[in-house]
Amino acid sequence: LEITMGILVVGSVALDSVKTPFGSRDDVLGGAATYFSIAASYFTDVSIVGVVGEDFPEKHVTLLQKLGIDLSGMERQKGNTFRWKGEYSFDMNTRTTLDTQLNVFAEFSPKLLPAHRSIDYLFLANIDPDLQRSVLEQMKRPRLVGCDTMNYWIENKRASLLKTLAMIDLLVINDAETRELAGEPNLIKAARRIISWGPKILVIKRGEYGALMFNSDSIFVIPAFPLEEVLDPTGAGDSFAGGLMGYLAAVGATDDSAIRKAIVVGTVMASFNVMDFGPKVLADLTYPEIEDRYRQFRKIAFFEDITGKVDRV
Ligand code: AMP
């Protein structure tokens, strides 16, 4: 990986309380921007735009800084950090939000630093679509804009969300969000409809079932990396997006082949993240470990032509 362009990510930096069938943790480092930036930090320069409160532990700041993540756009404000509390079902496929305390995040209205406006890659993590657009409008001319959202915005701010979608390149959402956004139960039809609204690429996250990618002329499908021990799926979606965008920024390409590899990288990063609570495992990787799992995954997902002949797709 030689060409390196930075990423700016705007989104939540949180303290999470999580319960899964394998245990629970209180007030661990979380947030969409956090998971995204840790995953992306292995591939490119990352700057976070976000806000934390006076209670945000210094050790979390240190951890992010050690990974080289630029925190000059992370404000510290009076009050408490955004808090999210959630619980997972026995099979970990469904998550119930038990509590959301916006705290300092409620008044969040980012004004980008001059140095951040000319960054090439932008990721708008799950926040109010009005805020997503306000950040996007402050950027000079990003090469690629990625975006996430959630059911709350689909249901309560649909018109604004559609305006945001018209301005982005890459939408990364889960299957339920895809169906709800498109008003269409079939994922393929739903994807076509969403693509017609603006995003050139739609990546659908399907938890333990993997991911699907759609653009105007191709589809790509991959499973999740098979793991025997999954302790906490929190942040899987954001570390997936971080790996995906991080890789795209690192290679400076968006052709079909680059996107396929980027989705595999995203899957690999998410698989590391779910091995323990919080971003511990994700934050403590080496690049060779990432490459190694990527290659293992390539073997797992490989299949030959039906004739057995060496083939090219
Ligand atoms: P993921 O598991 O990738 O979907 O993302 C989980 C992360 O999203 C957690 O670390 C939470 O702190 C964060 N989060 C949960 N709810 C919200 C929300 N309403 N807005 C922004 N971030 C949120």
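**View 1. The side chain of Thr178 reaches the backbone oxygen of Asn174 at 2.8 Å.** This is a predicted model. Thr178 sits in helix α7, which covers residues 175-182. Its relative accessibility is 0%, so Thr178 counts as buried. Beyond its neighbours within four places in sequence, Thr178 is in contact with several residues, including Leu187, Ala190, Ile194 and Leu202.

**View 2. Ile188, Ile219 and Val221 form a nonpolar patch on the surface.** Together they have about 240 Å² of accessible area. Ile219 belongs to strand β13, residues 219-222. Its relative accessible area is 36%, so Ile219 is partly exposed.

**View 3. Glu184 and Arg193 form a salt bridge.** Their closest N and O atoms are 3.8 Å apart. Glu184 is buried, with a relative accessible area of 12%. Arg193 is partly exposed, at 34% relative accessibility.

**View 4. Lys280 pairs with Asp276 in a salt bridge.** Here the closest N and O atoms are 4.0 Å apart. Lys280 is partly exposed, at 47% relative accessibility. Asp276 counts as buried, at 18%.

**View 5. A network of salt bridges links Asp128, Asp130, Arg133 and Lys157.** The count for the model comes to 12 salt bridges.

Terms used: Residues are numbered from 1 along each chain as its sequence is written. This is a predicted model: local features need pLDDT of at least 70, side-chain atom pairs count only at pLDDT 80 or more; totals for chains, interfaces and linings use all residues. Side-chain values use heavy atoms; hydrogens and water are left out. Helices (H or I, at least four residues) and strands (E, at least two) are DSSP runs, numbered from the N terminus. Buried means under 20% relative accessible area, exposed over 50%, partly exposed in between (1.4 Å probe, protein chains only). A polar contact is a pair of N or O atoms within 3.5 Å; within protein, one must be able to donate a hydrogen and the other to accept it, and residues adjacent in sequence count only if both atoms are side-chain atoms. Contact means heavy atoms within 4.5 Å. Patches are made of residues with over 30% relative accessible area and no salt bridge: like charges are joined within 9 Å, nonpolar side chains (Val, Leu, Ile, Met, Phe, Trp, Tyr) within 5 Å. Accessible areas come from the Shrake-Rupley method with a 1.4 Å probe; for residues, only the protein chains shown count as cover. A salt bridge is a side-chain nitrogen of Lys or Arg within 4 Å of a carboxyl oxygen of Asp or Glu.
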